[in-house]
Amino acid sequence: MSQTNFLFSNKSTFYRITSLCFVVLLTATLTTSCSTSKKVTNKQVTDAPFKKSLETSADKITAQQLLLFAQTQDSDQAIATLTQASEKLITENSFEQALWLSQQLAQLTQSEALKYRLALVSANGFLEISEVALAFKQLEIAEQLSADNGIRHHEDYYNLFAKVQKSRALEISSLNAKLHWFAISPSTNTDDIHALWQALSLLSTWQLDQLADLNPPHIKGWQQLLTYAHKFGGDIDRFDRYLTQWQRDFSAHPAQAIIESLRAGELATKRVIQNIAIILPLSGKQAVAGKAAQQGILAAYNNIPHKNLSFIDADTLDWALLNEQLITLDSHFVIGPLLKDNVDKYLAQHEILIPSLLLNTPENVLLNTEQFILSMRPEDEAFQAATTLSRKNYRAPVVLSHRDTASQRIAQAFTQQWQLLNGYLPEVVYFEKGKKMQEQLKASLEVDLSQARIKDLKIRLKQSIDTESRNRRDIDMFYLVGSPAQTKLLKPYIDVNTSPFAKIIPVYASSRSHSSKQDSSQHNDLRNLMFTEMPWLLSSQQQNAQLAQLSKTLWPSRSDSLQRIFAMGYDSLYLVDKLPLMKQRPYIRHYGQTGILKLNSNNTLTRSLLWGIYQNGEVSEISMD
C-alpha cells in the first residue's frame, strides 16, 4: 500500500499529521502576530463561527483562522481548507510556512485539482525566497497536472510562469505567459496594458517574430502595432497615420487604450547635428579597415544633406589634444574610434562631453548618457541562433568550432544560451586546420568506429563484402563556426559521412561561414547550409541595390570582413540623427545594412540578423519560423 493510501486508510494517523501541521504553523504565525493573542486549545475549536466567517467575508479570513477551522473537519475537507490556508500564507508573506504546508499536503491529497493549486503555492513560495529553479520545477508539475487531467490554467499559473522565466532571462517565454495571463485575468487595467507595451517594445525583431510563432492571445495586433512603431515611430506624422490605420484594423484589441498616449507629445529636438568628427585608422597597419569604414560613411553622406564631416586619423592622433581639436572643429558629434584599444583611449579623455557613437565595445568602461556603441559582437549572433534553433526541438545538437579565439567565443555563447533554454549543454567539437579537421569530425560522428568494425569483420570473414559506414544516430543538428574555407571542407564531409540509413543532419552556421565571393560551384558544396547574416551581404535583402553594385565595381576584391565594416560605416552616419529619437522612444528601430538595430538600456545597439540558405546554386533568404 502506498504512503498516501495508508494515511487515508488510517484516519487517526491523518489527524495526528494535521494536528502537527496546525501546531507548527500556528506557533510560527503567532510569533509574528500580536504577543497578547490568546492561546487556543483543541477543545475551544468549533466550526460554527468559522463557517459563518467564511460565508460572509472570505477575503478577510486569515491563515490562522483557516488552520483552526481545518481541525474541526474530516480529512478531505481539512485538506481543502489547509490548501486554502497555504494560499493565504502566501498573501500574508509567510512564504516558508506556505512552502512547508503545501509540500506536506501535496503528499496527502488524492485530488489532482488540489495538487495543482499546491504546486502553484510551492512555486510562489520558492520564487519569493529566490529559489528560481525549484519554482520552475513546481510549475512543470502544474503543467503536467493540467495536461493529464484537463485542468485549465489559473491566472496565477501564467503570472508566476512569467516571473520565473523573466528571472531565468527567458524574455520570449515570459512575455508569452504574460499575454496569456492578461487574456484571462479579470483585474487587468490600463497600467497593465502599458506594462505589456513597454516589455514588448524591448524585444529584438527576431524575438518578436518568435513570440508571434507561439501565438499568444492578441499577438497579431501587438505585432502589427510594434512593426509600425519600429519603422515609423521617429516620424510623428507618418506614425499618426499608421496608428489610425491600426485602430481600424484592430478595433477590439486591448492596446486601443494606449494609442492616444503613443500619439501624445512631440519628440524633443536638440540642436541640429551638423559638424561630425570621425576617428578612424587611416594610416598604419589597420588603415585598410579604417578606409572601408570611411568609404561606407561617405556612401551614406551622399544621401544625408547638411553635414560637415571631419576625418581624424587615429594612428597619428595625440589623444591628449583630442578635446581641443574637437572644440576647434566645433564638433557636434563623434563617430568612432573603430579599434578597441582606441575606444578605451577615447573614453579615458573624460573632458570630452560630445555625443559619440563608438564602433567597438570598450573593456569594462561605463558610458555616459551621450555615448553609444554600435555592437558587432559575435556573441549576439550566437544568442539569436541558439534561441531560434532551440524552438525546432533538436535534442542532440553538436557544435563544430574552429579553435581560434573568435570562433570559441561564438561557440561558448551558443552553448550557454542553449543550456539556459533547454537545460543541458550541447556537445562541442573543436577542430584544427588541415587533416586533423576531418579526423575530429569523423570521431564526433563515430564513423571511424564504424569503419574499424567493418575492417575487423572483413578480416574475420577473409572475403570482400559490400558495407556502408554508419554515423551516430543520436546527432540531429550541427552548428558550425568556422571560416568559409573550413565550412567548404566540412559541410560536404558531413553529407558524405551521413549513412544512407540515417536521416540527413541539418547544418546551421554563423556568418563566419558565409562568403559573398563564393561562386556557384562552391554553392553546390554548401547545399542546404543555413546561416545568419547581415542584410548587406544577402543579395536578396540589400536595401540599396545601386550602392551594392557600385561597391562591387569599385572594390571587387574587398574581403567579407571589410564589407561588414563598410556596412557599419554606412549605418553609423544614419544613426547620428536617429539615436536621440531611439533614446526617447525605445520602440524605434533602425533598419540598416548591418541588421535591424535596437538601442538597449545600456546605450548599446544590438542587431537582428537574417537567415540565408545555399540552395539551387545560389544564396537566398529563408524564414526560420
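## Report on a predicted chain

His 218 sits in the loop between helix H12 (205-214) and helix H13 (219-232). Helices here are DSSP runs of H or I with at least four residues, strands are runs of E with at least two, and both are numbered from the N terminus. The model is predicted: local features need pLDDT of at least 70, side-chain atom pairs count only at pLDDT 80 or more, and totals for chains, interfaces and linings use all residues. Residues are numbered from 1 along each chain as its sequence is written, and side-chain values use heavy atoms, with hydrogens and water left out.

**Backbone exceptions**

Most residues other than glycine have a negative phi, and most peptide bonds are trans. His 218 has a positive phi of about 70 degrees, although it is not a glycine. His 218 is partly exposed, with a relative accessible area of 36%. The cut-offs are these: buried is under 20% relative accessible area, exposed is over 50%, and partly exposed is in between (1.4 Å probe, protein chains only).

Asn 603 also has a positive phi, near 65 degrees, and is not a glycine. Asn 603 lies in the loop between S12 and S13. At 5% relative accessibility, Asn 603 counts as buried. The peptide bond from Gly 336 to Pro 337 is cis, with omega near 0 degrees. Pro 337 belongs to the loop between strand S3 (333-335) and helix H18 (340-347).

**The chain as a whole**

The chain holds 26 helices and 15 strands. Of its 625 residues, 48% count as buried. Contact means heavy atoms within 4.5 Å. Among contacts between residues at least 6 apart in sequence, 65% join residues at least 24 apart.

**The seven-stranded sheet**

Strands of a sheet pair through backbone hydrogen bonds, either parallel or antiparallel. Two strands count as paired if DSSP finds at least two bridges between them. Seven strands form an open sheet with mixed pairing, in the order S7-S6-S8-S9-S10-S14-S15. Strand S7 (427-431) and strand S15 (618-621) stand at the edges with a single partner strand each, so one side of each has no neighbour in the sheet. The twist averages 25 degrees from one strand to the next.

| Strands | Sense | Bridges |
|---|---|---|
| S6 (residues 397-402) and S7 | parallel | five |
| S9 (residues 507-509) and S10 | parallel | two |
| S10 and S14 (residues 610-615) | antiparallel | four |
| S5 (residues 371-374) and S13 | parallel | two |
| S12 (residues 596-599) and S13 | antiparallel | four |

Leu 400 has Val 429 in S7 as its bridge partner. Helix H23 (residues 484-496) packs on the sheet and touches S6, S7, strand S8 (477-481) and S9. The direction of H23 makes about 165 degrees with that of S8. Such angles run from 0 to 180 degrees between N-to-C directions, and axes are lines fitted to C-alpha atoms, for helices over the stretch in contact.

Strand S10 (residues 530-533) is covered on both faces. Met 530 and Thr 532 lie on one side, Phe 531 and Glu 533 on the other, and all are buried. Tyr 508 stands opposite Met 530 in S10. Phe 531 stands opposite Gly 612 in S14.

**Strand S13**

Strand S13 (residues 604-608) is mostly covered, with five of its five residues buried. Thr 604, Thr 606 and Ser 608 point one way, while Leu 605 and Arg 607 point the other way. Leu 605 is the bridge partner of Leu 374. Ser 608 has Ile 596 opposite. S12 and S13 form a hairpin with four residues between them, and Asn 603 is in the turn.

**Helices H16 and H26**

Helix H16 (residues 287-301) and helix H26 (residues 560-584) pack at about 40 degrees, with their axes 7 Å apart. H16 and H26 are therefore oblique to each other. By angle, under 35 degrees is roughly parallel, over 145 roughly antiparallel, 65 to 115 roughly perpendicular, and the rest oblique. Among the residues that meet are Val 288, Ala 292 and Tyr 301 in H16, and Leu 562, Phe 566 and Tyr 574 in H26. The contact residues divide into 14 nonpolar, four polar and no charged. Here Ala, Val, Leu, Ile, Met, Phe, Trp, Tyr, Cys and Pro count as nonpolar, Asp, Glu, Lys and Arg as charged, and the others, Gly among them, as polar.
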